[in-house]
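Have the sequence and the 3D view ready as you read.

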Amino acid sequence: GSAHTAPSRILGDDERITIVIGVKPTSTDRDYRGYAEVLATNEDGELVPACWISSVVNIVDNQFELELNLNWLSRANLKEPIMLQYVYVDDLETNFPVTFMDNIHVTSTISTSLTLSKLRSRPNFDEITEEMRQGIWLDRPAYNLTAAPTLVTIHGYCSATNPWTNAGFTDAADFLNAKANLPHNEFSKKVHAFTESKGMTSCSSIGHSQGGCVGLHLHNHYWSCLDNSKGNRVVQSVGTPYKGCTGAGVAADLVKIFGVACGSNTDLTCDSSVNWLKGIDSVARSKVYYYTTTYKLGTLFGDYCNMAVNLILQWPNDGTSELDYAQCPGGNNMGNKEKWCHTADMAYPFQCTDATRNKEMNTYAAR
């Protein structure tokens with residue numbers, strides 16, 4: 001495509017620059033995810049890949065900003081000129097791109113060469129740090145396990161109750177937005193506000209169904225108590241359709257699947273879920289520990305959790321989430337347990353009432 005330019009400014013710590021990118025007129029009343037691949041110049045004067053940058057962004061005056069940590073360039077012995085390619089903006093409510101640009105030359109009134117030279121002179125300059133991956137969390141709270149609850153439980157799509165309320169979890173706060181039909185982004189922001197209202201400074205999440213996606217979305221896109229926890233299991237889930245649900249885009253099918261009329265949910269469709277997962281960093285995925293259940297497999301005449309739903313969903317399933325689509329690539333698959341179903345009033349017990357699994361999740365939850 002044709003080349004564009006984007007001005008940049010160096011930030012106060014001299015290690016980061018903010019790049020200002022112009023876009024076509026776009027609605028300003030919603031959240032977007034900006035993404036760009038960064039190329040910089042090697043010793044032979046060639047533009048080569050350095051890293052990619054991404055962030056939740058707000059569009060103001062037809063512009064948005066992305067932050068580049070210059071340590072990515074220093075560790076690869078690269079320098080200016082800098083160019084962005086494959087720049088796009090996703091609508092976080094639908095996970096589909098609204099703007100795409102290519103070949104944006106980054107301009108600056110101040111050269112970064114001195115900064116890059118200083119960074120390369122540091123010990124362990126080639127180490128990849130949390131700040132390089134995630135940016136800087138201003139006003140990060142002190143780690144304090146006694147200040148507030150250390151576990152947030154999250155229900156799924158259109159749930160009237162939080163299924164984890166009597167699960168026996170230690171020091172837990174149970175989020176509830178009853179019978180709501182929300183995209184992952186809006187859902188996660190409500191959970192974030194809930195944890196802040198509880199004064200939670202470090203926590204992990206346990207989600208059922210869509211609640212697992214919501215915990216991962218929050219951990220990937222926003223600073224929260226999830227980022228301050230210690231331990232590997234930052235996000236745990238049961239029955240979560242990370243890759244979507246084949247019936248999620250049709251309101252009539254959702255009534256059959258969930259037994260309630262909350263309407264279709266784009267984020268739970270397979271197409272939208274593919275795009276959503278592309279925006280989830282591999283490090284965030286590695287902190288996910290997920291469990292699945294199904295009806296009894298391998299029976300001569302077949303089995304089911306809900307006979308009517310079996311006509312809609314791919315086999316095998318738990319009555320709502322299909323096993324193939326309940327996988328989180330890059331996450332930790334904790335196995336499938338047969339003869340447990342997605343909700344109560346199905347052919348086998350409700351998966352959230354498995355005391356053995358609940359005890360395990362409680363024991364190993366990051367705090």
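At 2% relative accessibility, cysteine 352 counts as buried (buried means under 20% relative accessible area, exposed over 50%, partly exposed in between, with a 1.4 Å probe and protein chains only). This is a predicted model, in which local features need pLDDT of at least 70, side-chain atom pairs count only at pLDDT 80 or more, and totals for chains, interfaces and linings use all residues. Residues are numbered from 1 along each chain as its sequence is written, and side-chain values use heavy atoms, leaving out hydrogens and water.

A disulfide is a covalent bond between the sulfur atoms of two cysteines; here a disulfide is a pair of cysteine sulfur atoms within 2.5 Å. How many disulfides does the structure hold? There are three:

| Cysteines joined | S to S |
|---|---|
| cysteine 158 and cysteine 262 | 1.6 Å |
| cysteine 203 and cysteine 225 | 2.2 Å |
| cysteine 305 and cysteine 341 | 2.0 Å |

Counting bonded cysteines along the chain, the pattern is 1-4, 2-3, 5-6.

Now for the pairs themselves. The torsion about the S-S bond of cysteine 158 and cysteine 262 is about 50 degrees, so this disulfide is right-handed. Cysteine 158 is buried, at 5% relative accessible area, whereas cysteine 262 is partly exposed, at 21%.

The link of cysteine 203 and cysteine 225 has a torsion of about 60 degrees, so this disulfide is right-handed. Both cysteine 203 and cysteine 225 are buried.

With -85 degrees about the S-S bond, the link of cysteine 305 and cysteine 341 is left-handed. Cysteine 305 is buried at 3%, and cysteine 341 is buried at 0%.
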